[in-house]
Amino acid sequence: MTDSAHHEGGCLCGAVRYHGQLAPDQTATHCFCRMCRKANGGVFVTWVALSSASFSFSHGDPHRFRSSDLAERSFCGTCGGALTFHSIGDPKGPPGVIWAALGSLDRPEEIVPTHHIFAADKPAWLELDDNLPRYPSQLPWIRTQDELARPTVSNDDPVPVSSGKDDTLEGGCLCGAIHYHAIRKSSPPATTCHCSICRKTTGATLFGSADFTVADVTFTGGQPRRYRSSGKAERAFCGTCGCHLTFRFVDDPGDGLSLTIGSMDRPEAIRPTVQLFVADGLPWLRLKGDMTDWPQGRQANTAAQGESPTS
Ligand SMILES: [Zn+2]
Ligand SMILES: [Zn+2]
Ligand SMILES: [Zn+2]
């Protein structure tokens, strides 16, 4: 192993840190499945294979969430940052591998992605400009669609068609503890964000959100945990499963509240038109389609402005 195979990572707040070596085959899969979206609130997550023999948490204890009979995920209980995915009791899970969320790595730009998985679950507006092999579900040498185990969490059932009325937008976290519905008067402004704060707070490779006001959004079920990700912004996530749900500027006079794309039941119902902080983006992450690129956040003080990674 060379030094470049050694990676360290952790969450934004620094409460949990880990290190490990890239697995020998250096697999790194962009996953577009609903469970991964709902487990962290990002647009999509990239799982980087680390050898489990080399892996350990070097600081702090993550929260663990059993997202199905076959897998356990870990995240920071303070800031909500997704950290790892580990096959447990899965005879077909790749042996000796623990998957790290790329957004949690300290040097994510050094990872070379290898595949797209669960590409069939992706909203149509999300198309990456690359030539990587795309699989509709899991990597075929791990399991076919028919073999995919039924998750134990009840809200991973297919989304009912009735949840997508034109005048409301519904969403919630993976474990089902927190649900919301938002009044949608028109197409809400929506952005993707490539900044390092969004990556480290969610573990996702790409973050995105759509803008509402506090009065538009009603939460049912439990209350999310809140985390001040900078002097300017507060985020909220589920303390049980780690899903990031909201983003807001603490000094926003307009009472803005942005809902994360990953937590939405139907992310295809919104359409991001702006990419923020593309200057901080990963070198291989280019989206197809018509989007306005902002090298940093917006100058105007809107809820989609974005945090400066240096603030
Ligand atoms: Zn943290
Ligand atoms: Zn949850
Ligand atoms: Zn961001």
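A donor, in the sense used here, is an N, O or S atom within 2.8 Å of the metal. In this predicted model, the donor residues of the zinc ion (ligand 1) are spaced C-x1-C-x62-C-x2-C in sequence. Cysteine 11 lies in the loop between strand S1 (6–10) and strand S2 (17–21), and cysteine 79 in the loop between strand S7 (71–75) and strand S8 (82–87), so that this pair ties together parts that are 68 residues apart in sequence. Cysteine 11 counts as buried at 4% relative accessibility, and cysteine 79 counts as buried at 0%, the cut-off for that word being under 20% relative accessible area.

The donors of the zinc ion (ligand 2) likewise follow the spacing C-x1-C-x62-C-x2-C along the chain. Here cysteine 175 belongs to the loop between strand S11 (168–172) and strand S12 (178–183), while cysteine 241 belongs to the loop between strand S17 (233–237) and strand S18 (244–249), so the two tie together parts that are 66 residues apart in sequence. Cysteine 241 is buried, with a relative accessible area of 3%.

| Metal | Protein donors | Distance |
|---|---|---|
| zinc ion (ligand 1) | Cys11 (SG), Cys13 (SG), Cys76 (SG), Cys79 (SG) | 2.3 to 2.4 Å |
| zinc ion (ligand 2) | Cys173 (SG), Cys175 (SG), Cys238 (SG), Cys241 (SG) | 2.3 to 2.4 Å |
| zinc ion (ligand 3) | Cys193 (SG), Cys195 (SG), Cys198 (SG) | 2.1 to 2.3 Å |

The angles among the four donor atoms are 103 to 116° at the zinc ion (ligand 1), and this site is tetrahedral. At the zinc ion (ligand 2) the corresponding angles are 106 to 117°, and that site is tetrahedral as well. For four tetrahedral donors the ideal angle at a metal is 109.5 degrees.

Water is not among the atoms, so sites may look incomplete.

Turning to the strands, S1 and S2, whose connecting loop holds cysteine 11, pair in the antiparallel sense over five bridges. Together S1 and S2 form a hairpin with six residues between them, and glycine 14 in the turn has a positive phi of about 85°. Within this pairing, histidine 7 has glycine 20 in S2 as its bridge partner.

An open sheet of seven strands with mixed pairing has the order S6-S7-S8-S9-S4-S3-S10. Its edge strands, each pairing on one side only, are strand S6 (63–68) and strand S10 (115–117). Neighbouring strands of this sheet are turned by 30° against each other on average, with direction ignored. Strand S3 (residues 28–31) and S10 run parallel and are joined by three bridges, and histidine 30 has histidine 116 in S10 as its bridge partner.

As to the confidence of the prediction, the mean pLDDT of the protein chain is 87, and 87% of its residues reach 70 or more. Residues 149–164 have a pLDDT below 50, and this stretch makes 30 contacts in the model beyond near neighbours in sequence. Over residues 300–304 the pLDDT is also below 50, with 13 contacts beyond near neighbours in sequence.

Notes
Residues numbered from 1 in each chain as written. Chains lettered and ligands numbered in written order. Predicted model: local features only at pLDDT ≥ 70, side-chain atom pairs only at ≥ 80, totals over all residues. Heavy atoms only, no water. Donors = N, O, S within 2.8 Å, 3.2 Å for Na, K, Ca; no water. Pairing = 2+ DSSP bridges. Helix = DSSP H or I, 4+ residues; strand = E, 2+ residues; numbered from the N terminus. Axes fitted to C-alpha atoms, helices over the stretch in contact; angles between N-to-C directions. Tetrahedral: all angles 85-135°; square planar, octahedral: opposite > 155°, others 65-115°. Buried < 20%, exposed > 50% of the residue type's maximum accessible area, 1.4 Å probe, protein only. pLDDT = per-residue confidence, 0-100. Contact = heavy atoms within 4.5 Å.
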